[in-house]
Amino acid sequence: MPSPTSKRPLRGSSAVVVVSALAIIAAGAYVVVPPWLRPHDPWHWPSTVPAERAAMVREGERLFNETALHLGPQTAKAISGNGMACRNCHLSGGTVRHAIGLVGITRRFPQFNARAGKKILLEDRINGCFERSLNGRSLPNDSPEMKAMVAYMGWLSEEVPAEMKKMPGQGVMKLPDPPRAANPDLGADVFQRKCVSCHGAQGQGSRNADGTYLYPPLWGPDSFNNGAGMHRVRTAAGFIYRNMPLGDPLLNVNDAYDVAAFINSQSRPQRAGVERDYPDRKLKPFDSPYAPWADNEDPLRHKYGPFPRAVGSQ
Ligand code: HEC
Ligand code: HEC
């Protein structure tokens with residue numbers, strides 16, 4: 001089993017790429033384009049941290065990777081309401097494509113947000129995840145912690161060209177929707193075979209000695225709440241298809257949908273007031289799993305599909 005919690009230092013990975021590229025050339029398997037001749041790939045850690053911002057960026061990275069340790073329910077601040085960390089979903093510090101990567105994120109804000117029904121700042125979006133994915137409450141925009149997180153994301157984004165508003169591979173992978181509804185019973189079987197070894201029979205995950213998660217929970221009282229993006233079957237399926245089992249993501253699309261449906265049919269914290277999300281109902285995505293919707297479709301179809309074509313998954 002891989003050790004998922006190995007700390008990722010602030011550095012570029014170009015040395016590793018060069019070494020492996022040379023190894024392939026030496027093996028004579030096929031000719032590869034050396035990395036320094038490849039088109040610029042924006043998904044990487046910037047190679048340096050400007051000295052004047054280093055302390056803040058590192059603090060932001062720490063909060064991102066060890067959220068519960070500094071802001072969790074056991075701490076005096078108790079901003080997040082569960083033991084999870086941002087990195088549990090935004091993998092490798094937010095640097096991975098199709099794993100809700102945050103490289104380039106500062107280029108996209110402020111932006112109109114349909115869930116809030118207004119233009120929001122990056123700080124508001126971060127707080128959206130604190131309140132839903134971490135089942136907690138908002139950090140004040142001018143708090144040192146929020147400033148550090150924004151500084152970290154600014155640093156992650158700083159080698160992305162200013163005009164690049166959309167990153168290839170941002171968010172989760174958009175899968176072709178199966179023509180049938182996602183099936184939680186079939187998903188239970190996928191879960192037993194592919195997920196239980198790390199996430200536990202009750203989806204409870206498992207903890208490190210300091211109380212943070214080695215393997216984060218997928219449902220139950222310490223998981224994301226019903227208002228979170230991961231509670232949407234299509235979003236969870238796209239994430240799982242591309243990233244889980246961690247280190248060996250080989251599910252087919254149907255299995256990814258079914259296991260996403262299984263996880264999201266279990267009990268989890270309920271967020272008060274979600275019915276006020278998407279004040280303009282016409283902008284509410286079809287696959288948003290909680291009422292009310294603009295149509296009279298069966299609520300189960302909103303949750304599990306089959307999803308109509310081109311519903312738009314944002
Ligand atoms: C349970 C999983 C989960 C956790 C934990 C989590 N997030 Fe998210 N986050 C998501 C999902 C899902 C989205 C929406 C992705 C989509 O719809 O494409 C998202 C979106 C975001 C975005 C906007 C991304 C974009 O491309 O526009 C930011 C910024 C963000 N999260 C920050 C954070 C921060 C900071 C934390 C920790 C305080 C955190 N998230 C914790 C799941 C999570
Ligand atoms: C080898 C261990 C392992 C296996 C097997 C595994 N996961 Fe994960 N999973 C992880 C780890 C570790 C994380 C958090 C990643 C991090 O913090 O870097 C994670 C994160 C997640 C998350 C987002 C965080 C959360 O708790 O909500 C989801 C959803 C998820 N896994 C679903 C699955 C599903 C579904 C399967 C089976 C198809 C699966 N995982 C199999 C280790 C595993």
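Trainee: What makes H6 largely enclosed by the rest of the structure?

Mentor: In H6, 10 of the 14 residues are buried, so the helix is largely enclosed by the rest of the structure. A residue is buried if 20 or more other C-beta atoms, placed from the backbone, lie within 10 Å of its own, exposed if 12 or fewer do, and partly exposed in between. This is a predicted model, in which local features need pLDDT of at least 70 and side-chain atom pairs count only at pLDDT 80 or more, while totals for chains, interfaces and linings use all residues. Residues are numbered from 1 along each chain as its sequence is written, and chains are lettered from A and ligands numbered from 1 in the order in which they are written.

Trainee: Why is Met146 called buried?

Mentor: Met146 has 21 C-beta neighbours inside 10 Å, and therefore counts as buried. The definition asks for 20 or more. Met146 is placed in helix H6, where helices (H or I, at least four residues) and strands (E, at least two) are DSSP runs numbered from the N terminus.

Trainee: Which residues does Met146 contact, leaving aside its neighbours within four places in sequence?

Mentor: They are Glu123, Ile126, Leu139, Pro140 and Asn141; two residues are in contact if their C-beta atoms, placed from the backbone, lie within 7 Å. Between the C-alpha atoms of Met146 and Glu123 the distance is 7.1 Å, with 23 residues separating them in sequence.

Trainee: What covers the buried residues of H6?

Mentor: The cover includes helix H2 (51-65), helix H4 (91-94) and H5. In turn, the buried residues of H5 pack against helix H6 (144-157).

Trainee: How do you know that the buried residues of H5 lie on the same side of H5?

Mentor: The buried residues of H5 are Leu122, Glu123, Ile126, Asn127, Cys129 and Phe130. They cover an arc of only 155 degrees around the axis, which puts them on the same side of H5. The arc is that of the directions from the helix axis to the C-beta atoms.

Trainee: Why is ligand 1 said to lie between domain 1 and domain 2?

Mentor: Domain 1 (39-157) and domain 2 (184-304) both give residues to the shell around ligand 1, so the ligand lies between them. The domain bounds come from an automatic or database domain assignment. The shell holds 26 residues, the closest being Cys86, Cys89, Cys129, Gly171 and Gly229; a residue is near a molecule if its C-beta atom, placed from the backbone, lies within 6 Å of it. Helix H5 (residues 122-131) gives the largest share, four residues.
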